[in-house]
Amino acid sequence: MREDSCQYEYTLDNQFFADIDAPEIQRGKLKVVLNVKKSMGVFILNFHTEGFVIVPCDRCLDDLELPVNTDDTLKVKMDLSFSEEGDVLVVPEEDGYVNVAWFIYEFIELSLPMKHVHAPGKCNKAMMGTLNKHLCTSAEEESLDDADLEEEPEDESRETDPRWDDLKKILDNN
């Protein structure tokens, strides 16, 4: 490593997620390599994170292991007070340090897919059976539900707001 750069390695386990009081991820095992480089008064922090996290499946609520492999960058500058200027984090010079724990957590969370679901057929069978009981599964059930929800036909003689009538004319022209 050159004089103006250094490297740190962190191992994140379940305790990391418990300590940070993570709302989405509560368990996992990851390795983070952080390279810090100083360039023209700005510290460039490059994070490489690999491992896995365990989150609840959105469908069956069982644990789901998701792989993590992400590279992220954070730029930090020293100044008088804390702020964010675009993509640069400004830290007070009197503090002289940045706690990167929350940034690491956010990078991990942002690397995960929006939907957390098992592969088809891998969800908890008991939970899926319970869900399927409450879902409309046949055309017969669907038609019964539609009949129950059917509204009474509108009375054409009932007076309506003239603005709605004008809007209906626009629809009729198309």
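Author: A nonpolar core is a set of buried Ala, Val, Leu, Ile, Met, Phe, Trp, Tyr and Cys residues joined through side-chain atoms within 4.5 Å. The model discussed here is predicted.

Reader: How many residues does the largest nonpolar core have, and which of them have the most contacts inside it?

Author: That core has 30 residues. Those with the most contacts inside it are Phe 17, Ile 25, Leu 45, Phe 47, Val 53, Ile 104 and Ile 108.

Reader: Which elements give two or more residues to this core, and which gives the most?

Author: Helices H1 (14-19) and H2 (101-111) do, together with S2, S3, S4 and strand S6 (88-92). The most comes from S4, with five residues.

Reader: What is Leu 45 in contact with, leaving aside its neighbours within four places in sequence?

Author: Its partners are Leu 34, Asn 35, Val 36, Asp 72, Thr 73, Leu 74, Val 76 and Val 100.

Reader: Is Thr 49 buried or exposed?

Author: Buried means under 20% relative accessible area. Thr 49 has 1%, so it is buried. This residue lies in strand S3 (residues 42-56). Beyond four places in sequence, Thr 49 touches Leu 30, Lys 31, Val 32, Val 68, Asn 69, Thr 70 and Ile 108.

Reader: Where is Met 40 found, and what is its phi?

Author: Met 40 is in the loop between strand S2 (27-39) and S3. Its phi is near 50°, a positive value in a residue other than glycine. Met 40 counts as exposed because its relative accessibility is 84%.

Reader: What is the phi of Leu 61?

Author: Phi of Leu 61 is near 70°, again positive in a residue other than glycine. Leu 61 sits in the loop between S3 and strand S4 (63-79), and is exposed at 57% relative accessible area.

Conventions:
Residues numbered from 1 in each chain as written. Predicted model: local features only at pLDDT ≥ 70, side-chain atom pairs only at ≥ 80, totals over all residues. Heavy atoms only, no water. Helix = DSSP H or I, 4+ residues; strand = E, 2+ residues; numbered from the N terminus. Buried < 20%, exposed > 50% of the residue type's maximum accessible area, 1.4 Å probe, protein only. Contact = heavy atoms within 4.5 Å.
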